[in-house]
Every structure is written in C-alpha cells, then in structure tokens.
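Trainee: Could you walk me through how to read a few local features here, giving the general idea and then the case at hand?

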Amino acid sequence: MTSIALAEELLLLAYDDRTGKATGSRIGLDLGMAAAVLVDLALAGRVAYVAGNLVVNDPTPTGDPIADRILEKAAADDPHTPAQWVQRLRHRLRQHVLDDLIARGVVQDVDETQMDGYVHVHRYPTCDPAFEAEIRKRLADALTTNEIPDERTAALCTLLVATRMEPALRLPPEEAVKAHERLEQIASGAGFSGTGNLEDSIVRPSVALVVATLSRAITAALGVPKVI
C-alpha cells in the first residue's frame, strides 16, 4: 500500500484545509471511506468479489492498521455483500482515519468543546498540505489529460462520483461538467461503472469487480439525488 490510504485521501479532499470542517454529504463520505478501505484491500490482493460477496482470499496483514483491523474482522466473519460491508464498516471509521492522520501530523485536532463538555466540537485543519497536494495533482492530471490513470487514481475518481463528492474538487461551474464526464469516462474505462467489458479494463478484473460492486452499493445507499 502507499503511504496514505484511499480512505484518507477521500477524507482530506472532503475537509476544508483551513476550517478543518467536513464539507458535502457526511454519509456519502462515510460510505466512501468504508468502500475505500475494501478497495485498498482488493488492490493489495487481500479481498475479492465472489458469488455476490466480498471474501478474504489472503489474510496476510498489509501494514496499514485500519485496513488490517478490517481484514482480520472480515476473515473471521461470514461473507457479506458489498452493500452490507459498507454499512457495517462506516460507523466510527471516520474517527479512526482522523486519529491516524493526527498521529502522523497531517491534520491537527482543534478541540472547541463547549458547555462544560456537553457539546463536543472538534475541527481538523491541515498541518501538512503535501499529502492533499499530491492527491489533487493526480486527480488534475487524470481530468485534464487523456493519459490512463493508475488503478488507485481510477478507483478514487470512481468513488468521488459514487459518493457525490465532486464539489470537493473545487472546480468552477464551467469546468465541473467536463470534469464529471471525464470521471465517468475513467470509471467506464476501468470497468468500474458496469457498462464496460472487464476484459478491456485498464485495471485488474478482480479489482474492477470489487470497485464496481462497491460503487453500486454506495449509489443505492444514497438514493436518488435531490433536485433543488
């Protein structure tokens, strides 16, 4: 695995660097992070999609504490569908991810608890912007060129669409539509959208199956977008 996990990438994109507050859909972020941990495990060859379920095919730890905790849990549990897994994993996952980023000095915990501890308020502004800068550069390269992105970046693009986190890209309106089309194109080319041929996928078919089913699970959980 890389030095920063996909779930952490999603969280850094979703949180405002200065205010340290989450933007956009909270449940979308939580579902996306749950899916992201499973995607990282698939990229590491630890889980696969088999007969409608996500199953562990290699229980060897990856070295990432959050992913390994979930891997151990999945190995000891009965198989579950992607939809069941994202719901089971999303609770408390965000705090685990934040704690890991705090421990590594990427963000800081600003405690603004009020009313003698009855109202707990925490903000998580960025300390080390290098991580998010690298994420945004990868996404910018993927969106503005016709180059084929790597598996992790393609998966991140797909999760951004599924979780409706595209506003986190902070693009002006005139560029947002084109970016959405490119994100959809990447997802299709990777076999993540369910519309392409997995044999023509730019990523490993085993990974494409995991990402595609998790993406559909997130979309179903969030329901039909509200039209304002």
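Trainee: Is Tyr124 buried or exposed?

Mentor: Buried means under 20% relative accessible area, exposed over 50% and partly exposed in between, with a 1.4 Å probe and protein chains only. Tyr124 has a relative accessible area of 8% and is therefore buried, and Tyr15 is likewise buried, with a relative accessible area of 8%. Bear in mind that this is a predicted model, in which local features need pLDDT of at least 70 and side-chain atom pairs count only at pLDDT 80 or more, whereas totals for chains, interfaces and linings use all residues. Residues are numbered from 1 along each chain as its sequence is written, and side-chain values use heavy atoms, with hydrogens and water left out.

Trainee: How many aromatic pairs does a search of the whole structure find?

Mentor: A pair of aromatic rings is described by the distance of the centres and the angle of the planes. Rings of Phe, Tyr and Trp (its six-membered ring) pair if their centres lie within 6.5 Å, and planes under 30 degrees apart count as stacked, over 60 as edge-to-face and the rest as tilted. The search of the whole structure finds one such pair: the ring centres of Tyr15 and Tyr124 are 6.3 Å apart and the planes stand at 70 degrees, so the pair is edge-to-face. Because Tyr15 lies in the loop between α1 and α2 and Tyr124 in the loop between β4 (122–123) and α6 (130–144), the pair ties together parts that are 109 residues apart in sequence. Helices (H or I, at least four residues) and strands (E, at least two) are DSSP runs, numbered from the N terminus.

Trainee: Which ring does the charged end of Arg88 sit over?

Mentor: A charge sits over a ring if NZ of Lys or CZ of Arg is within 6 Å of the ring centre and within 35 degrees of the ring normal. Here the charged end of Arg88 sits over the ring of Trp85, 5.2 Å from the ring centre.

Trainee: What should I make of the phi values of Ala51 and Arg92?

Mentor: Most residues other than glycine have a negative phi. Ala51, however, has a positive phi near 50 degrees, and this residue lies in the loop between β1 (47–50) and β2 (53–56). Arg92 also has a positive phi, near 70 degrees, and is placed in the loop between α4 (82–90) and α5 (93–103). Ala51 counts as exposed because its relative accessibility is 76%, and Arg92 counts as exposed at 58% relative accessibility.
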